[in-house]
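Good morning, and thank you for joining.

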Amino acid sequence: MGRPKRDVRAAAEASTTPPDELTDAQSLARVVKAEGNSLYSCALPDQRTVLAELATRFRNTIWIKRGGYVLVDLTTPKEQKGKMEGEIVNVVRDEKEWRKQSYWPKEFPRSTYDDEEDEDSNVGRMPPSDSEDED
């Protein structure tokens, strides 16, 4: 039997609104790789990579894609369990709203696409006809 819809909606609504401020132990991070069993490799703004576990309220309700942003609650070295260095306490779903906050790190720039790269690519285009090659 599936989870009640109220749990799914509550988890989704909690992740759309950013907190007013972060604690000293919290940091925004970019997801680098899904390691499996709700474990994710995340890159912090200082280019350090940490292994973080997804909070139980988000498991099987919200999926995190590679390159997405999450809020990680880092544990002190004394409290660490094995290689795990933190817990993902929030998932950034509305990135535009989160970027407005003062704590958003400058090390995570807004991703832009270069039009020049798209012009060189042949993906999704028809192959050249023989009449074009004769010119």
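W104 counts as buried because its relative accessibility is 9%; buried means under 20% relative accessible area, exposed over 50% and partly exposed in between, with a 1.4 Å probe and protein chains only. This is a predicted model, in which local features need pLDDT of at least 70 and side-chain atom pairs count only at pLDDT 80 or more, while totals for chains, interfaces and linings use all residues. Residues are numbered from 1 along each chain as its sequence is written, and side-chain values use heavy atoms, with hydrogens and water left out.

Where does W104 lie? W104 sits in the loop between α2 (95–99) and α3; helices are DSSP runs of H or I with at least four residues, strands are runs of E with at least two, and both are numbered from the N terminus. Leaving aside residues up to four places away in sequence, W104 touches L28, Y69, E95, W98 and R99, where contact means heavy atoms within 4.5 Å. S27 is 77 residues from W104 along the chain, yet their C-alpha atoms are 9.1 Å apart.

I turn to confidence. The protein chain has an average pLDDT of 82, and 81% of the residues score at least 70; pLDDT is the predictor's confidence in each residue, from 0 to 100. Where pLDDT is low, the predicted coordinates should not be read in detail.
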